[in-house]
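These are my notebook entries on a structure that I had not examined before. I set down what I looked up, entry by entry.

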Amino acid sequence: MAACNEHPPDGWSFLGVGDPFLVAHYEQRGLVAVAGTHAHGKATPVAVYDSRSFVRRAFIHSRFPVHALAFHPRHPLLAIGTGRYDGGYFFEGELLLLHLKSGAVTSLIENEFGRQVLGLEWLDAQSLRLLMAPPDDWQDEAAHENGHVAVVDRADWTAVPARSLSGRDLAGPRTLSPRPERGEAAQRAVATLRSLWQARWAGPSGEL
C-alpha cells in the first residue's frame with residue numbers, strides 16, 4: 001500500500017491527459033486542473049478533477065500548448081492560456097474560458113492569430129491579469145524573452161462573448177519574461193499531483 005500512497009500504481013495515465021505538464025489546484029473548491037503535454041500535430045488535453053477523489057469534472061482539447069491555468073475566485077470558470085511560436089513570424093494562441101458546470105469552452109481573443117498567453121492571474125472577481133508574448137518577432141530580437149502585461153476587467157466573466165477581447169483590451173507594458181524550462185514545469189506538476197494523491201490516503205490526523 002505504501003507505493004499506492006506515493007503515486008498511482010500505473011502512474012498518471014488514468015488521468016487521460018498523457019504526461020502531466022501543468023497543474024492548478026483550487027483548494028477551497030476541491031478542484032485540480034491538469035494540462036497534458038502537447039504532442040506534435042495533436043491537440044493538448046486539459047481536464048478538471050475533484051482533488052480528493054480524482055473524479056473527472058470537465059475535459060477539453062486545446063489547439064495549442066497550454067502555458068497557464070487559473071480558476072476564477074468566485075464563479076465555476078477556468079481560464080486557460082495557450083499558444084506557440086509559428087516558427088517564422090507570429091506568436092499565436094488563445095485565451096480559453098472553460099465553464100465547469102456546462103463544459104462549454106469560449107475562445108476570447110478576437111484576432112485571427114490571437115496571442116500566445118504565457119501567464120494568468122485573477123486579481124479579483126472582475127480582473128484578469130495576462131502575460132502574453134509579443135504579437136510577432138519582426139525586427140524584434142528580444143521577443144522570445146519579453147512579454148506584455150495587460151489587465152482585462154469584465155463585470156461578469158460568465159457572460160463574456162467569444163472573440164470579444166480586442167487589441168486595445170490586451171495592450172500593456174512590456175516586461176522581461178523568460179520562458180520556463182518545460183521539464184521543470186512538468187516536475188512541478190507531478191509534485192503537486194503526488195501531494196494530492198498522498199492527501200487522498202491520509203487519515204483525519206493527516207498521517208498516512
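In which sense do strand 2 and strand 3 pair, and over how many bridges? I found that strand 2 and strand 3 pair in the antiparallel sense, over 5 bridges. Pairing here requires at least two bridges between two strands, as found by DSSP. Strands (E, at least two residues) and helices (H or I, at least four) are DSSP runs, numbered from the N terminus.

**Basis of the entries**

I note that this is a predicted model, in which local features need pLDDT of at least 70 and side-chain atom pairs count only at pLDDT 80 or more, while totals for chains, interfaces and linings use all residues. Residues are numbered from 1 along each chain as its sequence is written, and side-chain values use heavy atoms, with hydrogens and water left out.

**The whole protein**

I counted 2 helices and 14 strands in the protein. Along the principal axes, I noted a box of roughly 55 × 35 × 30 Å for the C-alpha atoms.

I next looked up burial, where buried means under 20% relative accessible area, exposed means over 50%, and partly exposed lies in between (1.4 Å probe, protein chains only). Of the 208 residues, 46% are buried.

I then turned to strand 2, residues 31–36. Because 6 of its 6 residues are buried, strand 2 is largely enclosed by the rest of the structure. In a regular strand the side chains alternate between the two faces of the sheet. In strand 2, I saw L31, A33 and A35 point one way and V32, V34 and G36 the other way.

Strand 1 pairs with strand 2 in the antiparallel sense over 6 bridges, and Y26 stands opposite L31. These two strands form a hairpin with 4 residues between them. In its turn, G30 has a positive phi of about 65°.

Towards strand 3, the bridge partner of A33 is V48. V48 also has a bridge partner in strand 4, namely A58. Strand 3 (residues 44–50) and strand 4 (residues 56–62) pair in the antiparallel sense over 6 bridges.

Is F54 buried or exposed? F54 counts as buried because its relative accessibility is 7%. F54 lies in the loop between strand 3 and strand 4, a hairpin with 5 residues between the strands. Its phi is near 60°, a positive value in a residue other than glycine.

I found a positive phi, near 55°, in R163 also. R163 is in the loop between strand 13 (146–153) and strand 14 (174–176). With a relative accessible area of 41%, R163 is partly exposed.

**F21**

My last entry concerns F21, found in strand 1 (residues 20–26). At 7% relative accessibility, F21 counts as buried. Which residues does F21 touch, not counting those up to four places away in sequence? I listed A35, G36, T37, V66, R182, A185, A186 and A189, where contact means heavy atoms within 4.5 Å. F21 and R182 are 161 residues apart along the chain, yet their C-alpha atoms are separated by 7.7 Å.
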